[in-house]
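Biologist: I have a model open and a few things to ask about it. Can we go through them in turn?
Modeller: Go ahead.

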Amino acid sequence: MMYCRKCGQELSDEDVFCPRCGNVVSEDDEGRQGEQRKTQTIKPKEVEKKYTKKGNAGKKALIVVMSMAVLLTGIVAYQFIFKDMFGVQYLAQVQNEEGKYGYINEKGEEVIPCQYDWGTTVWIGDVVGVGINDGKNSSGNLKYGAINKKGEVVIPLKYDGIYLSNGVMWLAEKVGVNENGDQIYNWGCMDTRGKEILDFEYQFISEEFSSFDDYENENGWFVVSQAVNQENEEHNIIYNYGIVNNKGEVIVPIGEQYIESESFGNNALIAVSRETTEGTKFGYINNDNEVAIPFDYDIAHNFGDDGLARVVKDGMYGYINEKGHIVVGFEYVEAYDFSNGLAAVREKEGDSLEYINTEGDIVISTELSDNWDALYKFDVNKKAIVHKESEGYGLINEKGKEILPCIYDNMGTLATDYTRLSYTLYWVGIGDSEEYYYMIANSQGKLLNEKFDDLGELGENGWCSVAENIGENSDGTKKQKWRYIDANGETVLDLSEDYTWAGPFFPVS
């Protein structure tokens with residue numbers, strides 16, 4: 001019996017070249033198993049053939065095969081030698097016993113030391129946001145900035161807030177306190193090299209300045225606002241809204257309008273409200289600030305990935321397409337955005353939720369949904385978490401069939417909103433305050449065998465961090481040992497006991 005000395009493929013007596021890797025067969029291959037390669041290469045057709053002819057034709061064929069083998073070997077060498085140089089690098093945030101944050105690579109090496117009091121898990125290119133306690137007061141005061149993958153400071157750590165998204169960094173400076181005692185922030189925008197894109201002149205960015213991580217939308221747009229020197233009847237400051245992009249260009253000038261930024265659409269149409277002769281009405285504008293869909297609605301939300309938006313008219317919900325045509329009529333007292341082709345709706349007060357598809361057909365009826373007292377949106381796996389009162393949480397498929405029984409104390413997804421994975425895993429919580437542990441279910445709802453004392457999140461490399469209790473710390477808290485597993489539950493990286501938490505891996509350019 002012969003095996004290829006490079007890849008371990010079983011060889012026949014007639015093989016001149018290994019049918020798997022193209023390596024030239026020699027006497028050294030006899031009886032040697034060899035280690036399997038972790039990556040497979042495409043086999044050239046010439047390598048798969050057996051050469052039995054003699055003469056010039058055979059020699060020419062042999063030369064062709066040898067040339068292909070050399071080329072193939074070069075490609076394999078390129079993949080292994082230059083992978084770290086040109087391939088995708090993943091880094092994950094970790095916390096040490098002193099409560100400091102740093103970043104590790106997939107080998108578990110601490111490439112950025114644990115020396116920060118705060119940091120973002122998601123990277124923008126090769127930059128990540130970090131914060132340190134400046135120690136100027138007893139309660140601590142974090143100052144924010146950014147570093148690159150080498151740990152070099154790109155943005156000085158002197159700002160009062162930070163928001164990373166769409167390839168840029170928004171940074172905040174405290175400029176005072178308003179009449180209600182609230183802190184006033186001015187926000188400006190920089191690129192990942194610290195070059196200023198927009199002056200510090202905005203009071204809010206995408207409305208939620210307390211959010212530090214965000215997933216990207218294709219347009220690279222941000223809702224911004226500025227305070228107006230007037231108050232409404234509740235003595236609150238009035239803000240006007242506009243849109244800028246990640247190049248600092250004004251898409252929609254700041255004006256007397258409210259711009260819907262939740263679930264910000266990627267189709268260049270934006271839900272906006274304006275004052276009309278009939279009161280406040282919603283419609284849609286394009287990126288030239290032109291009216292694309294008339295202001296006919298009492299409420300309007302942005303378009304989702306399914307190309308539909310939910311709107312309200314005369315107190316009832318319906319759905320329109322990007323041309324403003326009604327696709328699903330105004331038949332519901334309650335409705336939610338479409339998620340992976342399905343949306344939850346309620347026809348009458350007191351009815352259970354039912355699910356419809358993008359054509360308005362009922363997929364999961366009220367009678368079926370009566371089985372659960374709570375239903376959540378369908379995820380990327382086309383599964384939804386459900387709950388039964390006095391029983392527990394479970395999982396259903398897009399037809400409403402329970403694929404994981406409602407017997408668990410808690411349940412959720414392991415992939416975050418800003419993880420661009422084609423699937424997610426689920427965490428299942430079991431037990432009470434005395435004894436509580438977690439298990440993981442795969443994308444089909446099948447539970448993996450192992451139990452865990454703590455869980456992190458699913459990273460973009462397909463690894464999830466998990467932990468087991470291994471004792472107590474000096475302060476009486478539980479000491480944990482963290483590691484990473486893949487979607488099959490196999491351990492792919494063991495971490496040192498010096499780490500008290502491990503986050504998800506994200507790509508770094």
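Biologist: Is Cys464 buried or exposed?
Modeller: Cys464 counts as buried because its relative accessibility is 1%. Buried means under 20% relative accessible area, exposed over 50%, and partly exposed in between, with a 1.4 Å probe and protein chains only. This is a predicted model, in which local features need pLDDT of at least 70, side-chain atom pairs count only at pLDDT 80 or more, and totals for chains, interfaces and linings use all residues. Residues are numbered from 1 along each chain as its sequence is written, and side-chain values use heavy atoms, with hydrogens and water left out.

Biologist: And Cys114, buried or exposed?
Modeller: Cys114 is at 13% relative accessibility, so it counts as buried.

Biologist: How many disulfides are there?
Modeller: The count is 0 disulfides, a disulfide being a pair of cysteine sulfur atoms within 2.5 Å.

Biologist: Switching to rings. How many aromatic pairs?
Modeller: The count comes to 18 aromatic pairs. Rings of Phe, Tyr and Trp (its six-membered ring) pair if their centres lie within 6.5 Å; planes under 30 degrees apart count as stacked, over 60 as edge-to-face and the rest as tilted. One of the pairs is Trp170 with Phe222, edge-to-face, at 5.5 Å centre to centre and 65 degrees between the planes.

Biologist: Where do Trp170 and Phe222 sit in the chain?
Modeller: Trp170 is in strand β11 (residues 168-177) and Phe222 in strand β15 (residues 221-231), so the pair links distant parts of the chain, 52 residues apart. Strands (E, at least two residues) and helices (H or I, at least four) are DSSP runs, numbered from the N terminus. Trp170 counts as buried at 0% relative accessibility, and Phe222 counts as buried at 1%.

Biologist: What about Tyr284 and Phe303?
Modeller: Tyr284 and Phe303 form a tilted pair, 5.1 Å centre to centre with 50 degrees between the planes. That pair also joins distant parts of the chain: Tyr284 is in strand β20 (residues 279-285), Phe303 in the loop between β22 (299-300) and β23 (309-313), 19 residues apart. Tyr284 is buried with a relative accessible area of 0%, and Phe303 is buried with 2%.

Biologist: Which residues do ring pairs link into a cluster?
Modeller: Tyr163, Trp170, Tyr202 and Phe222.

Biologist: Back to Tyr284. What does its side chain reach?
Modeller: The Tyr284 side chain reaches the backbone oxygen of His301 at 2.6 Å. The C-alpha atoms of Tyr284 and Phe295 are separated by 7.1 Å, and these residues are 11 apart along the chain.

Biologist: How many cavities does a search of the whole structure find?
Modeller: The search finds 2 cavities of 30 Å³ or more. On a 1 Å grid over the protein atoms alone, a cavity is a set of points where a 1.4 Å probe fits but cannot get out, and lining residues have an atom within 4 Å of a point. Grid points are joined across faces, edges and corners, and a volume is the space filled by probe spheres set on the points. The second largest cavity holds about 40 Å³ of space.

Biologist: Which residues line that second largest cavity?
Modeller: Its lining is Glu260, Glu262, Ser263, His301, Asn302, Arg310 and Asp337.

Note on methods:
1 Å grid on protein atoms, 1.4 Å probe; cavity = no way out; pocket = protein on both sides within 12 Å on 5 of 7 lines; lining within 4 Å. Polar contact = N/O pair within 3.5 Å; in protein donor to acceptor, adjacent residues only side chain to side chain.
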